[in-house]
Amino acid sequence: MEQALALAARGLYTTTPNPRVGSVVVKDGAVVGAGWHEKAGLPHAEINALREAGESARGATLYVNLEPCSHHGRTPPCVDAVIAAGVRRVVTAMRDPNPDVAGAGFARLRAAGIEVEQGVMEEDARELNIGFVSRMTRGRPWVRMKIAASLDGRTALANGKSQWITGEAARRDGHHWRARACAVLTGAGTVNEDDPQLNVREVQTPRQPLKVLIDSRLEIRPEARLFESGKVLVVAAREDEVKAKALRARGAEVILVPNPEGKTELMSVMRELGRRGVNELHVEAGTRLNGSLVREGCVDELLVYLAPSVIGDSGRGMFALPELTELEPRTRLSFREVVKIGEDLRIIARIAMPIPP
């Protein structure tokens, strides 16, 4: 299963909107076939592993980190190929959260007389596909918010200058997280102040994530570098056909997702991205949008880079949140990891809630 998960991880940047899956065929204690799902529309991991195994698959054990699919999508059901290959036993890490599968693959295998074992390294498998699990069970992506700050939690000077608080190694590491995401989200204020490209540059990647811009009043300049490459989705709250036309002329898609206060309904945006097949959403925004996303329950995980420096109270904070008079309603976190990246610290923390079932 470790080998299957390592193979699955090769699809970290490529399989969206599909899950990352690897498979290994073992017979008489030896690996006779291995494969991984490379890209949506291409053969699934089990098919690649069985092809490599050939006749050796008969009577063998197939290891795969996700329940084999039992439905017709872009490719035929994997269970049919597993049954036809004469596999004796299938060992999986986890059940497929996709309602179109959700145990049906296991049932088909057992009905064919194949022994099925489930739950081997399940937590590792969930972590690898946490975005896919989120979209299948909650209808929205796993939202990871990236923040670069000084040790006292300041993300920029009072005048907005922030380049660069953290070092080169931390910035390059941040691009790895951008690359694995299906989409990168920011706000109009960040674009108008910093004019970011919002693409993956520091690491090699076979694809660029969708760029999502929250711009309630369509204040973004059509000349922004954001529109120079890749797909851009602009989410507004108010109709302005003149501004929208200018953005569409730059290749952007513009949609309206308003709330009753005339601002963007952020949770509805999350559900819209889920409908579009976004598994993991990477947020790089400013203080106000960060605060709004946390306040409205849209954030699952924080990816924080802390620099060994102090800016002081005049600097901009991480989140614009309402003042608290008691500690009880504060947002609680669960630390997952603290490591040193170059001269900076990388902290991964999750909003204190269960991982989606």
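The paragraphs below take up the fold, the surface and the cysteines in turn.

The model is predicted. Its secondary structure consists of 11 helices and 14 strands. For 357 residues the globule rule gives a radius of gyration of 21 Å, and the value for this protein is 22 Å, close to that figure, so the protein is as compact as a globular protein of that length. The C-alpha trace spans about 70 × 45 × 40 Å along its principal axes.

Turning to the interior, 52% of the 357 residues count as buried. Among contacts between residues at least 6 apart in sequence, 70% join residues at least 24 apart.

The cysteines remain to be considered. A search of the whole structure finds zero disulfides. For cysteine 78, the nearest cysteine sulfur belongs to cysteine 69 and is 3.6 Å away. A disulfide requires the two sulfur atoms to be within 2.5 Å, and cysteine 78 is in no disulfide. Cysteine 78 is also buried, with a relative accessible area of 1%. Cysteine 298 is likewise in no disulfide; the nearest cysteine sulfur to cysteine 298, that of cysteine 182, is 17 Å away. With a relative accessibility of 0%, cysteine 298 counts as buried.

How values were computed
Residues are numbered from 1 along each chain as its sequence is written. This is a predicted model: local features need pLDDT of at least 70, side-chain atom pairs count only at pLDDT 80 or more; totals for chains, interfaces and linings use all residues. Side-chain values use heavy atoms; hydrogens and water are left out. Helices (H or I, at least four residues) and strands (E, at least two) are DSSP runs, numbered from the N terminus. The radius of gyration is taken over C-alpha atoms; the globule rule is 2.2 Å times the number of residues to the power 0.38. Buried means under 20% relative accessible area, exposed over 50%, partly exposed in between (1.4 Å probe, protein chains only). Contact means heavy atoms within 4.5 Å.
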